[in-house]
Amino acid sequence: MSPFVASLRREWRLLRSRPRDWAMVSWVPLLAMALMCWIFSAGQPQRLPIAVWNEDGASPLSRQLVRMLEATPGLQVRQAVLNRLEAADALQRMQVHGVVHIPPGFARDVQRGAGASVALLHNAQLATHSSLLQRDVRQVVGTLSAGVEMQALAKRGTPARALQLRVEPIRTQLVALFNVSTNYEQFLATTLVPALVHILAMTAGAWSVGRELRDRTLGQWLHGAGGAAAVLAALLGKLLAPLALLWASALACLLYLSQLRGWAVAGSLAWIALGLALLVAVSLAAGAALAGLTLSLRTAMSGAGLLSAPAFAFSGVGFPLLAMSGSARTWAEAMPYTHYARLQIEQWQMSAPPAQSLPVVAGLLLATLALLALATAGLLRGLRRPERWGAR
């Protein structure tokens, strides 16, 4: 029996006989990715709670502004505050994410043509909440302001056709090319699922090889492997089962998002599936290399978490790569997930030609081969050092 087949059969028996190991590469990843999809299934945040601090009394204009805020789908006027202390208390207790302040004499100043301002007090630390609140409040106030100006111009006898031009002589036309609806399910769920499988795959690679060292079964696993080629074949046989299971789980979630949730793939789904398989492969190889080089399950698991957990933060999806410092960008470009995220965005949303994603596929493949070579070298060294077996 070849080392590859023998190792594959042995690994499959081990997985089936150890419920925890089986769960780590089968139903737990699938459950975790399904949970990720469920978290962002709402798509867009709605009814973010705000408070209104109205110091203009009961003027018709201030009441109209409050009604318009309440009618905006993204906002919910949760409470009214009477002074600065109540506004600060509501924000600090996280009861609301913003406070809209209507100053005293608001309606009077508008009627006199002196101009008035509406302030939004918000917590910019919560970046998503803050940006959504700013967008909606700015839109409401802009609409109210335009309406007041058009009424004033109409009273002065301005023709109806000239009203829009007088109110807004220069317009900004914003054209969204991809993710037109700014849906967070398409933005986050589709990118966090591969990030999660990257973490799980690197952990599985480190665990699969590291447990052989911990259990003193390295010699039993590689029994008869007399050279580098045989050790590499045995390593490939060990990693094939978690590769197939994790890739199938991630692909099932992406198919769910593209086929059942309506986020159709604009480019090539086959290239996304290939890139995803290579991402899982390079992650498993990286975990195996950590275990082979350190000859320690504990060190390999710690290294896998340290390298894979921040991958999404450095990928350029949430924070632009060009805005990172030189060292941070170098680290980001060394991470395989950064390049897979680029491939997925190109193929899923931008309908890029497959040739544009070819360098990413080639790079992931070369990285996988290099890491497998490192893992093989580490295992050959481990075979010659049985005194290291049993260490955690």
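Ala, Val, Leu, Ile, Met, Phe, Trp, Tyr, Cys and Pro count here as nonpolar, Asp, Glu, Lys and Arg as charged, and the others, Gly among them, as polar. With that classification, the residues lining the largest cavity of this predicted model divide into three nonpolar, five polar and no charged.

**Enclosed cavities**

The structure has three cavities of 30 Å³ or more. The largest cavity holds about 50 Å³ of space, and its lining consists of Gln186, Phe187, Thr190, Thr191, Gln344, Ile345, Trp348 and Gln349. Two elements, α9 and α15, each give two or more residues to this lining, and α9 provides the largest share, four residues.

The second largest cavity, with about 40 Å³ of space, is lined by Glu11, Leu15, Asp21, Met24, Val25, Ala204, Trp207, Ser208, Arg211 and Pro242. Here α1 (3–17), α2 (19–25) and α9 each supply at least two lining residues, and the largest share, four residues, again comes from α9. By class, this lining divides into six nonpolar, one polar and three charged residues.

**The second largest pocket**

About 190 Å³ of space lies in the second largest pocket, which is lined by 13 residues, with Met202, Ala286, Leu307, Met335 and Leu371 lying nearest its centre. The elements that give two or more residues to its lining are α9 (184–214), α12 (269–294) and α16 (354–383), and α12 contributes the largest share, five residues. The lining comprises 12 nonpolar residues, one polar residue and no charged residues.

In soluble globular proteins, nonpolar side chains tend to be buried together. The largest nonpolar core of this model has 85 residues, of which Leu69, Leu235, Leu254, Leu276, Tyr337, Tyr340 and Leu379 touch the most other members; α9 gives the most to this core, with 15 residues. A second, separate core of seven residues includes Ala51, Trp53, Val81 and Ala90. Leaving aside residues up to four places away in sequence, Leu254 touches Thr190, Val193, Ile272, Leu276, Tyr340, Gln344 and Trp348.

Tyr340, Gln344 and Trp348 are among the buried residues of α15, a helix in which 10 of 13 residues are buried. Those buried residues pack against α9, α11, α12, α14 (326–334) and α16.

**Buried polar and charged residues**

| Residue | Helix | Relative accessible area | Contacts |
|---|---|---|---|
| Ser130 | α7 (residues 127–155) | 4% | His122, Asn123, Ala124 |
| Asp136 | α7 | 6% | Thr72, Gly74, Leu75 |
| Lys238 | α11 (residues 228–260) | 0% | Ser7, Arg10, Glu11, Ser208, Val209, Arg211, Glu212, Trp221 |

Because buried means under 20% relative accessible area, Ser130 at 4% is buried, as are Asp136 at 6% and Lys238 at 0%. Asp136 lies 8.9 Å from Pro73, C-alpha to C-alpha, although the two are 63 residues apart in sequence. Among the contacts of Lys238 are Glu11, Ser208 and Arg211, and these residues also belong to the lining of the second largest cavity.

Conventions: Residues are numbered from 1 along each chain as its sequence is written. This is a predicted model: local features need pLDDT of at least 70, side-chain atom pairs count only at pLDDT 80 or more; totals for chains, interfaces and linings use all residues. Side-chain values use heavy atoms; hydrogens and water are left out. On a 1 Å grid over the protein atoms alone, a cavity is a set of points where a 1.4 Å probe fits but cannot get out, and a pocket is an open set with protein on both sides within 12 Å along at least five of seven lines; lining residues have an atom within 4 Å of a point. Grid points are joined across faces, edges and corners, and a volume is the space filled by probe spheres set on the points. A nonpolar core is a set of buried Ala, Val, Leu, Ile, Met, Phe, Trp, Tyr and Cys residues joined through side-chain atoms within 4.5 Å. Buried means under 20% relative accessible area, exposed over 50%, partly exposed in between (1.4 Å probe, protein chains only). Contact means heavy atoms within 4.5 Å.
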